[in-house]
Amino acid sequence: LSSYSNLRYKVNQNDKELINITDAELPVEQIFKATYDSLFRDFILPSVKKLNKKANKLVLTVPNTYTPRHMDYIRRIVVETLPEIRPEYIWFVSESDAIACYYINKWHQLNSERSEEEKDQLKNKAEHVLAFDMGAGTLDITYFSIEPDDDECKKLEIKAKIGLNKAGNYLDYILAKALVDTHHDFPRSILTPNNDSYLGMLASKLKHFIKTELKVALFSKEELIFTEWNGQLLNNTTFNDMSIDLSKIRRHQLIKDFVKEVTHNLLDNFFEINGCEEGVTPIDTVVLAGRSVQFGEGELSIEENVMQAIQRWNGGASSYKLKLQGDTLKTIVSEGALYFATIYSDAASIVKIRNRNLYASYGVVYTKPDGKTAYCELLNPTTKPTKAPNLDDNSTNGVYIYQYDTDRYNAHDRKEIKLDLRGGSVAYFVQSYSNDTARDWNAGCRDLITEMFPLNTRQTVAS
């Protein structure tokens, strides 16, 4: 908040008075909506106008961490900002689908180093692919298959996907904590400068150093000289050419825990919630994308730990590793989304894309009368919808709309679900990718759980 201590905002669009952010924190939901509103109003719309051409279709990629509610916010903003684009031509493509489309479009190019015998085998059977895309903001994992269909067509089925908001930017924060722990000249207050503008300025310089120098040299050098704070006075100390021992940071437990969390732990959770069995899950090809996947070396290599986890799940079978390099790391999602919208969305496309109706679990987190946290799952990937979209072609604007009636079909296969909500005043309807939602919610581990909306339990019980 240090850089935004003078920021004022409206709680509601029609409010006359502005509230200072230091008096009342801005809700994350409001930040999300305002960010996309500004993106379209201040950047996209002026860029479209400069082209002197009328835009009639918009393709948006969204990470796996987004809920249907996020998608609805974005759609409304687009309709308001770009009224010339008809709602049916606003396309949402998940980053998982985009990577799958990129892979199948570039299949021959990407598999050029495979033997002809292996390529022939893949063409005549289902190829199972796992894409691990770790960028700056999010980590997205996709598991999909490609298999021959009728009339020389191919069926691309997205079997599972998951998203995590721990990627390159979060790694920068972990490195900052490790630096403060191992080099005591750096004050711990630099991690949370709050309303101190001077600390905020120093924190910004440190962040730039970590991103551009420390992270790059962490596994190739033993020492770095930190000069960004030279001449600055902090805690009665004037900084000048501070030596940083990189081996201390490499050995820090936070780094080990981070690598394990985003590789072994996440992949185990991913396969478990999708009903896969360790040791027999087929994975023929692994696509590694995103700059952050390059982090580490040896036992701290993200890439190596991903491959080790995959070997456990596919029973030690050989998986072809496809590591994207250069500009492809930046453009794979946008290119894949365009392939989806311009090639594979056509009903005559030789590639038929199949999505499951749900990939996450949806339900209610609440407090039982005995004080324990509970999770009642209402919908999961196996729940039968009461109405499904026509999947005979791909022209669904990237959005597959299913309707559910939990009185008829739900995750428990019973018509009546009773919740005793007397243990707390508020319950939450959530989207969860966790293999134990109640445990993680109770422990404050919300990385794989997204609150969609609160439920007033008093009103819920009364009604």
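Trainee: Is Y359 buried or exposed?

Mentor: The relative accessible area of Y359 is 9%. Buried means under 20% relative accessible area, exposed over 50%, and partly exposed in between, with a 1.4 Å probe and protein chains only. Y359 therefore counts as buried.

Trainee: What kind of model is this, and which conventions apply?

Mentor: Residues are numbered from 1 along each chain as its sequence is written, and side-chain values use heavy atoms, with hydrogens and water left out. Local features need pLDDT of at least 70, side-chain atom pairs count only at pLDDT 80 or more, and totals for chains, interfaces and linings use all residues, since this is a predicted model.

Trainee: With which residue does D97 form a salt bridge?

Mentor: A salt bridge is a side-chain nitrogen of Lys or Arg within 4 Å of a carboxyl oxygen of Asp or Glu, and the structure holds 23 of them. For D97, the closest N and O atoms of the pair are 3.4 Å apart. The pair links distant parts of the chain, from helix 3 (residues 95–105) to strand 7 (residues 154–164), 64 residues apart.

Trainee: Is K125, the salt-bridge partner of D284, buried or partly exposed?

Mentor: The side chains of D284 and K125 meet at 3.4 Å, N to O. This pair also links distant parts of the chain: D284 is in the loop between helix 9 (253–273) and strand 12 (285–289), and K125 is in the loop between helix 5 (116–123) and strand 5, 159 residues apart. At 19% relative accessibility, D284 counts as buried. The relative accessible area of K125 is 35%, so K125 is partly exposed.

Trainee: What separation do the C-alpha atoms of Y359 and K125 have?

Mentor: These two residues are 234 residues apart along the chain. Their C-alpha atoms are separated by 24 Å.

Trainee: Which side chain is joined to that of E127 by a polar contact?

Mentor: E127 is in strand 5 (residues 127–134). The relative accessible area of E127 is 2%, so this residue is buried. Leaving aside neighbours within four places in sequence, E127 is in contact with several residues, including Y103, R114 and D284. The polar contact, of 2.9 Å, is with W107.

Trainee: How many residues has the largest nonpolar core?

Mentor: A nonpolar core is a set of buried Ala, Val, Leu, Ile, Met, Phe, Trp, Tyr and Cys residues joined through side-chain atoms within 4.5 Å. In the largest one, the residues with the most contacts inside it are L130, F132 and I302. Apart from it lies another core, of 16 residues, among them F32, L45, V62 and I85. The largest core has 107 residues.

Trainee: In the open sheet of four strands, which are the edge strands?

Mentor: Two strands pair if DSSP finds at least two bridges between them. The order is 16-15-17-18, with antiparallel pairing; strand 15 (residues 361–367) and strand 17 (residues 426–432) pair over five bridges. Pairing on one side only marks the edge strands, which are strand 16 (373–379) and strand 18 (449–456).

Trainee: Which residue of strand 17 is the bridge partner of G363?

Mentor: The pairing of strand 15 with strand 17 is antiparallel. Within strand 17, the bridge partner of G363 is V430.

Conventions
Helices (H or I, at least four residues) and strands (E, at least two) are DSSP runs, numbered from the N terminus. A polar contact is a pair of N or O atoms within 3.5 Å; within protein, one must be able to donate a hydrogen and the other to accept it, and residues adjacent in sequence count only if both atoms are side-chain atoms. Contact means heavy atoms within 4.5 Å.
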